[in-house]
Amino acid sequence: MAALPEEPAEAVTVKPDPDAGAPPPPPPPPPPAPPLTLPQSPATAAVAAPAAPPPPSAAVPATEVEPLAVGVDSKPLVAPTAAPAASQLPTDRQTLLAVLQFLRRSNLRESEEILRREARLLADEVAADPSPSAQAAHGGEGQEPSLGLAASGAGEVLLNSVTFGQSGAPVAPVAVAPPPAVPLGAPAKVGVLVEDQPDVSAVLSAYNQQGDPALYEEYYSGLKHFIECALDCHRAELSQLFYPLFVHMYLELVYNGHENEAKSFFEKFHGDQECYYQDDLRILSSLTKKEHMRGNETMLDFRTSKFVLRISRDSYQLLKRHLQEKQNNQIWNIVQEHLYIDIFDGMPRSKQQIDAMVGSLAGEAKREANKAKVFFGLLKEPEIELPLDDEDDEGENEEGKPKKKKPKKDSMGSKSKKQDPNAPPQNRIPLPELKDSDKLDKIMNMKEATKRVRLGPDCLPSICFYTFLNAYQGLTAVDVTDDSSMIVGGFADSTVRVWSVTPKKLRSVKSAVDLSLIDKESDDVLERIMDEKTASELKILYGHSGPVYGTSFSPDRNYLLSSSEDGTIRLWSLLTFSCLVGYKGHNYPVWDTQFSPYGYYFVSGGHDRVARLWATDHYQPLRIFAGHLADITSTRFHPNSNYIATGSADRTVRLWDVLNGNCVRIFTGHKGPVHSLAFSPNGRFLATGATDGRVLLWDIGHGLMVGELKGHTDTIYALKFSRDGEILATGSMDNTVKLWDAVKAFEDLETDDFTTATGHINLPESCQDLLLGTYMTKSTPVTHLHFTRRNLLLAAGAYAPQ
């Protein structure tokens, strides 16, 4: 069967930084480029697929000229009175040439001519005045304040005078003392644009120019005072500025060698930040020297991605007016250069609404990020004749509830004959054809479904808990087959152990010699090929060289996937209990892997911040999903197999389109790494769980958060919807399983155009009326949950004696 088409394309290769202990962030591709590839082999470079759109972390694409206008003072620039240091002139000359080349490439001939003429003029003026003393810190009437020694090249002054001309009419000069210095970030930015690679030195150089270090505390305190005195309706929105400004001002001080000022700034203001940024601040506090910043992941995330804030127009105008009145260029430059302010028209959001959505590494998602159309409906089920119809009817009559359960299946749409209007076209991605054994399994599934218990607040499921005792090897992953016949555990000692949980033991296929003696035409040929001598309740699979962090059974129960700290994903046969393939593509630990609901495809995600889509018969990935700013900790296929959800340590969840590799949804709101994901059976909703002990519910079609379930006190590692979607079960490291009323959580949703446009979500005050039950274990953290076909809930975890 055909895999996804692989289009050969030019690829960008990611080279790990040899000095850095941690992996570099995947360089974001400019729009037309293919997805990033790995420093693996030439073959790997030809990864297919139109690229994912540049993530929020993207360096500015080379066609955008706007950032050059950043950091311009609101006074007209006059010729500087200081001669730049001789050593700086060549670099400024290079910067100018780079800008001229950029303008020529962009067909901006007029701008290029003007720049050429002005450059000659200014260069002469600068050469004429050699007095270094003119680098005074105080600018008098009509004189430009000092630009700081590092910034005072002719090219930079010139560049700003040109961009200033574009950005608005000049204002009369004002006497300033002591002046706020202007960090001219533009030339460094141009370097990034021209090279189009977030090279570490280029990325850091935007911090090169800065104002008087002693004034940083004053600037920050001034803004803090202004925000705290603002009206209540604006205060909550403007308070979002505290954290990104704090980080960038601290990094600017560190980069320019003002260690003591940086330390004092950190000590004074780190306590004001929201509690959910504590982990980031701990990492930040360890960056006390310029050298520490090179190769530091958190540092690069902050520099290469703009922090996104969603603010109402009124609040934004208030902030802008304040900064312009106070001539607070230091903060205004950071806002312009490093923040992306997503302005919406309408009422400002309340503190509760903002708190629900913020907390991720790069702020909130831009609203455009969640505008793309998503086909969240289910694919039409193939028509399968039921040869066992008579028995089915008898079975139902015996139960005394004739025909009650058949229409119920249709109402959920999972087996409906009508095409779901929100479903993707049947052939949107190539899916494997059904084998005879698959058809038999579907018939079994339908028969089981007729005996399924209809769950609800008045009919909660029974829960069967599988406890792994004496798991000294350290249980790190669990999965259960769809028909609940086998359970697998991945362990820290690098083994994968498979148990049969039915009376039927696990058997391997006979050897080739014995198979040749079997009558292939006999009815029980599938039974005869199994070797009784190999029957046992447990099989141990050896092959990985590090802890196994992810396991997944194929839907047909013939294969098992396992992903490990050794950077590989292995495919095991459950007929021979041997390893068939080792997929190598990740350079770092692979935290999770999962089979598609239709088999054949599978997804993996790990420490390299990239998710990969594979097909079992290809040894290289078909798609590479790049965009997360930290490890991908969990992966899940949508029930229609056209989309993949990934949860990350950057505290966001992304939804990716399998067809073209694009990121179609970014969900922010968690305050810690996201460790569990579950799609509702009808494909409309997604539940996510994280280390913050909260479960968030998302409407995929509208791209909105629609619910928040609070109650757990520790990381949530397991989420599962019941077979018909009425109940959501959550399992946590706090040794409890909780059951929630999913029907009630998703009814009467506010998904009107206004809510979608502004993100004004109104979550109910209390989620306790959705909680149907809490079940404690003695001392076993819950690592996996699974609903059987009849809606019995299976839970699993390793006993952890106190």
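These legends go with close-up views of a predicted model.

**Before you start.** Residues are numbered from 1 along each chain as its sequence is written, and side-chain values use heavy atoms, leaving out hydrogens and water. Because this is a predicted model, local features need pLDDT of at least 70 and side-chain atom pairs count only at pLDDT 80 or more, while totals for chains, interfaces and linings use all residues.

**View 1. The whole protein.** The protein has 23 helices and 31 strands; these are DSSP runs numbered from the N terminus (helices are H or I, at least four residues; strands are E, at least two). Of its 802 residues, 53% are buried, meaning under 20% relative accessible area with a 1.4 Å probe, protein chains only (exposed is over 50%, partly exposed in between).

**View 2. Helix α14 and its buried side.** Helix α14 covers residues 313-325, 13 residues in total, and reaches 18 Å from its first C-alpha to its last, close to the 18 Å expected at 1.5 Å a residue (the expected span is 1.5 Å times one less than the number of residues). Which residues of α14 are buried? They are Ser-315, Tyr-316, Leu-319, His-322 and Leu-323. These residues cover an arc of only 130 degrees around the axis, which puts them on the same side of α14; the arc is that of the directions from the helix axis to the C-beta atoms. An α-helix has 3.6 residues a turn, so residues three or four places apart point the same way. Among the partners of the buried residues of α14 are β1 (307-312) and β2 (339-344).

**View 3. Where α7 meets α14.** The two helices pack at an angle of about 140 degrees, with their axes 12 Å apart. Axes are lines fitted to C-alpha atoms, for helices over the stretch in contact, and angles run from 0 to 180 degrees between N-to-C directions. α7 and α14 are therefore oblique to each other (under 35 degrees is roughly parallel, over 145 roughly antiparallel, 65 to 115 roughly perpendicular, the rest oblique). Gly-222, Leu-223 and Phe-226 of α7 make the contact with Leu-318, Leu-319, His-322 and Leu-323 of α14, where contact means heavy atoms within 4.5 Å.

**View 4. α9 against α15.** Helix α9 (residues 242-255) packs on α15 at about 105 degrees, with axes 10 Å apart. That makes α9 roughly perpendicular to α15. Residues of α9 including Leu-245 and Met-249 meet residues of α15 including Ile-331 and Val-335.

**View 5. A loop residue with positive phi.** Asn-791 lies in the loop between β30 (784-787) and β31 (793-798). Its phi is near 75 degrees, a positive value in a residue other than glycine. Asn-791 is buried, with a relative accessible area of 2%.
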